[in-house]
Amino acid sequence: MSETAPDVLLRWKEHPSHFVREVFGVTPDPWQDEALEAFPTSPRLAMKACAGPGKTAVLSWIGWNFLLTRPHSIGGATSVNGANLRASLWTELARWRAKSPILERQFEQTQKAIFSRDYPNTWKLEARTWAQDADAQQIGNALAGLHGKFVLWLLDETGDYPDAVMPVCEGI
């Protein structure tokens with residue numbers, strides 16, 4: 001990722017709200033700033049709010065910040081079901097990628113993955129889902145397998161997740 005200076009990447013890693021302002025050209029709401037600034041030091045971050053205030057935008061910003069500022073990072077993204085993942089979080093990730101020349105040059109996005117153009121097998125975020133009638137073992141198999149120095153799960157609409165999802169994601 002030679003086009004972005006290491007000191008800038010470090011600043012963005014330590015202060016994701018600067019990343020959002022500089023890469024996407026938007027000013028987060030105060031509660032979004034708070035969530036973004038908590039991200040680098042909080043292994044778990046949860047947001048609860050009504051529909052429409054920008055939770056999925058924050059989740060997307062965190063995902064892009066993680067991918068850009070941590071070399072060879074691996075991540076998974078999921079939602080309550082595949083249709084919701086595609087319609088909400090995956091669409092939001094695409095929307096913000098389209099607003100950033102840096103991200104468009106560095107990463108490719110398909111229906112199932114976002115990956116580094118230079119390192120597609122070792123630097124990526126995968127869309128992960130499970131069958132609606134899956135048991136705990138099947139859910140575990142669908143979500144397992146993310147390994148690396150930098151690993152992230154983006155979990156959208158967690159209120160209706162089956163009980164098996166959180167232990168698998170936390171285990172990583």
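Q: How exposed is glycine 145, and where does glycine 145 lie?
A: Glycine 145 counts as partly exposed, because its relative accessibility is 48%. Buried means under 20% relative accessible area, exposed means over 50%, and partly exposed lies in between (1.4 Å probe, protein chains only). Glycine 145 sits in the loop between helix 7 (136-143) and strand 5. Helices (H or I, at least four residues) and strands (E, at least two) are DSSP runs, numbered from the N terminus. The C-alpha atoms of glycine 145 and glycine 76 are separated by 9.7 Å, and these two are 69 residues apart along the chain.

Q: What kind of model is this, and how are residues numbered?
A: This is a predicted model: local features need pLDDT of at least 70, side-chain atom pairs count only at pLDDT 80 or more, and totals for chains, interfaces and linings use all residues. Residues are numbered from 1 along each chain as its sequence is written, and side-chain values use heavy atoms, with hydrogens and water left out.

Q: Which loop holds asparagine 81, and what is the relative accessible area of asparagine 81?
A: Asparagine 81 is in the loop between strand 1 and helix 5 (82-98). Its relative accessible area is 27%, so asparagine 81 is partly exposed. Asparagine 81 and alanine 131 are 50 residues apart in sequence, yet 8.1 Å apart in space, C-alpha to C-alpha.

Q: How many helices and strands does the protein have, and what pattern do they follow?
A: The protein has 8 helices and 5 strands. Along the sequence the pattern is α-α-α-α-β-α-α-β-β-β-α-β-α.

Q: How do I read strand pairing, and in what order do the strands form the sheet?
A: Strands of a sheet pair through backbone hydrogen bonds, either parallel or antiparallel. Here, 5 strands form an open sheet in the order 2-3-4-1-5, with mixed pairing. Two strands pair if DSSP finds at least two bridges between them. The edge strands are strand 2 (107-109) and strand 5, and each pairs on one side only. From one strand to the next, the twist averages 15°. For angles, axes are lines fitted to C-alpha atoms, for helices over the stretch in contact, and angles run from 0 to 180 degrees between N-to-C directions.

Q: What packs on the sheet?
A: Helix 4 packs on the sheet, touching strand 1, strand 2, strand 3 (113-116), strand 4 and strand 5. The direction of helix 4 makes about 165° with that of strand 5. Helix 5 also packs on the sheet, touching strand 1, strand 2, strand 3, strand 4 and strand 5. The direction of helix 5 makes about 150° with that of strand 2.

Q: Which strands does strand 1 join, and how many bridges are there?
A: Strand 1 and strand 4 (residues 124-127) run parallel, joined by 4 bridges. Isoleucine 74 stands opposite lysine 124 in strand 4. Alanine 77 has alanine 127 of strand 4 as its bridge partner. Strand 1 and strand 5 (residues 151-155) also run parallel, joined by 5 bridges. There, the bridge partner of glycine 75 is leucine 152.

Q: How do I read the two faces of strand 1: buried or exposed?
A: In a regular strand the side chains alternate between the two faces of the sheet. In strand 1 (residues 74-78), 5 of its 5 residues are buried. Ile74, Gly76 and Thr78 lie on one side, with Gly75 and Ala77 on the other.

Q: How do I read helix packing, and at what angle do helix 2 and helix 4 pack?
A: Two packed helices are described by the angle between their axes and the distance between the axes. Helix 2 (residues 16-24) and helix 4 (residues 55-69) pack at about 95°, with axes 10 Å apart. That makes helix 2 roughly perpendicular to helix 4. Angles under 35 degrees count as roughly parallel, over 145 as roughly antiparallel, 65 to 115 as roughly perpendicular and the rest as oblique. The contact (heavy atoms within 4.5 Å) is made by Pro16, Phe19, Val20 and Phe24 of helix 2 and Trp61, Trp64, Asn65 and Leu68 of helix 4.

Q: How do helix 1 and helix 2 cross?
A: The axes of helix 1 (residues 6-14) and helix 2 come within 5 Å and cross at roughly 120°. That makes helix 1 oblique to helix 2.
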